[in-house]
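Thanks for coming. I will keep this short and go from the overall layout down to one residue.

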Amino acid sequence: MQTENVRVRFAPSPTGPLHMGGVRTALFNYLFAKKHNGTFVLRIEDTDTQRYVPGAEQYIIEALNWCGIVPDEGVLPNGTPASEATSRHPYAPYRQSERKPVYRKYALQLVEQGHAYYAFDTPGDLESLRKEAEDKGETFLYNHSVRDRTLNSLHLSSDEVARRLEENNSWVIRFKVPEDRTVTMQDLIRGTVSVHTETLDDKVLWKAQDGLPTYHLANIVDDRLMQISHVIRGEEWLPSLPLHYLLYEAFGWQEHRPLFAHLPLLLKPDGKGKLSKRDGDRMGFPVFPLQWLSPTGELSRGYREDGYYPEAFVNLLALLGWNPGTEQEIFSMEELIEAFSLDRVTRSGARFNPEKAKWFNQQYLRNRSDARLVQDFIPLLLEKEIKTTPLKAEKVVSLVKNRASFVNEFWELSHFFFIPPVSFDPGLQKKYWKPEIPGLMKQAREVLDGCVPFDVPSIDKSLHRWMEKAQLKTGQVMNALRLCIVGEPQGPGMADIMAVIGKQETLERIDHALKTL
RNA sequence: GGCCAGUUCGUCUAACGGUUAGGACUCAAGAUUUUCAUUCUUGCAAUAGGGGUUCGAUUCCCCUACUGGCUACCA
């Protein structure tokens, strides 16, 4: 695949938040563009006025931006309306609702050239046609056998057509699928696919309802006008590829037809079907990159809000349906760009595995510097109204980071560094608080009191020297100390904990335990 | 129902005619340990079924089964 002006586009429809499958499609387009020094265009396909959802476009832009998938051209994060062509945005506007005259021109051209026709069927007409076919046990297809006996510009007089067009608005333009032909297509991922035109129907190109083109028309026209070289999209589009081929042909654009690559779908983690909105709530993982509050007030969780790093999210998405052919699994965006190739995209659907998603984040968390982790941790501490120093916070972070997959687990793992235990779990007491322990803890207190400086090596040395002399078992002493100081059977080594909280706090906690237990 | 695509461990995947079918996640066991983790080691676990082609099929072809997508004046 040589680099002759690669131009790809991601063309979502603002009918709701972009889900992770959509993000992956955008990502693959982005990687492909960057890999080939090409251009990544973001185009908004808002020709469905019925399903338009306010806020969805903004959401899509924000989500891509969070992932670091930033368009070179088209609708940008800073809200460039791009309604006029500029050098950076030569094909503006990039929002299909603003391009109606363009599509109209091409739709009319198809009608004039006999590749499409006006159809005047009412919804009722269509319904009875469908029923008629079903009654005969046939599959309903709006094709040549139907168009020959319905009201349309193919066999109505031009006066009659003109009259009808004038009189009411309820007409559509349908594509006239050529009869008895095999359309042979190439897909970069699937190879050769061929379909007979007998199985195709005369798709609506121009809708009566909102006076806008359908996806098929607008998409083909825009891809051509915007000089798109490769169309990388979800597998759900494979069935319309023949129509799209035919459309390129009807326009006389077959020489400029882009190359197509249909990506495997993202499937539900458990049962059947492609990943959908509902799965997240049902199974306890996000399906959206960002949290989404629907206009009806329904809240869906997002990867960002769940504590995922965008790098981890992008990384896990990249490995769903693609692999580098090596055993490397952790990739920065730059490395992905370097390694990416459509040749290595899988053909079968990828079932999403939330467990592995967590693992990815864990990997990124571990590779974060303590200093950066502290920045994420401080807000959590402020939320709990904990006053601390950056130095202490950083020490804590370094001690708990490899026990967590997400920063938001830090508090659970480290609260005892900041808040002393008040009461003690009876079960734990029973296990670690034997009759001889109070005496031991008094001695331990003295040993620790005499420990200077109060740092990890010194604490370890003092404690071990004492335990050796008194012939005590390490576990017995340490577990008792843990009960006094942590109050729970978890956490880093005791010397580490004591060194962080300091001598005074350590002694106070032992005193408190001695009093309470 | 029709059309199209797909099918390797539970999951993501590698092996593009010749491997003891590899890795990762999960799970299990062991080691380390001061609790809990981490870490390390080991283990469990797959070519959907049936026919071909071939000296040899995970790999190529056909059939069946299953899975998924599409089948709107939605994208």
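**Domains, RNA surface, one leucine**

The C-alpha centres of domain 1 and domain 4 are 40 Å apart. Bear in mind that this is a predicted model. In chain A, the domain assignment puts domain 1 at 7-81 + 219-267 and domain 4 at 368-418. The others are domain 2 at 102-206, domain 3 at 277-362 and domain 5 at 426-516.

Next, the RNA. RNA strand B is surrounded by 59 residues, and the closest of them are Ser13, Ala208, Lys272, Ser348 and Pro489. Two or more residues each come from strand 7 (191-196), strand 14 (350-351), helix 12, helix 19 (474-485) and helix 20 (494-501). Which of these elements gives the most to the surface near RNA strand B? That is helix 19, with five residues. By residue class, the surface near RNA strand B has 23 polar, 19 nonpolar and 17 charged residues.

Now back to helix 12, one of the elements on that list. Helix 12 covers residues 354-367, and Leu365 is found in it. Is Leu365 buried or exposed? Leu365 counts as buried because it has 22 C-beta neighbours inside 10 Å, and the cut-off for buried is 20 or more.

As for what Leu365 touches, leaving out residues up to four places away in sequence, the contacts are Lys401, Ala404, Ser405, Phe406 and Val407. Leu391 is 26 residues from Leu365 along the chain, and their C-alpha atoms are separated by 19 Å.

Note on methods: Residues are numbered from 1 along each chain as its sequence is written. Chains are lettered from A and ligands numbered from 1 in the order in which they are written. This is a predicted model: local features need pLDDT of at least 70, side-chain atom pairs count only at pLDDT 80 or more; totals for chains, interfaces and linings use all residues. Helices (H or I, at least four residues) and strands (E, at least two) are DSSP runs, numbered from the N terminus. A residue is buried if 20 or more other C-beta atoms lie within 10 Å of its own, exposed if 12 or fewer, and partly exposed in between; C-beta atoms are placed from the backbone. Two residues are in contact if their C-beta atoms, placed from the backbone, lie within 7 Å. A residue is near a molecule or strand if its C-beta atom, placed from the backbone, lies within 6 Å of it. Ala, Val, Leu, Ile, Met, Phe, Trp, Tyr, Cys and Pro count as nonpolar, Asp, Glu, Lys and Arg as charged, and the others, Gly among them, as polar. Domain bounds come from an automatic or database domain assignment.
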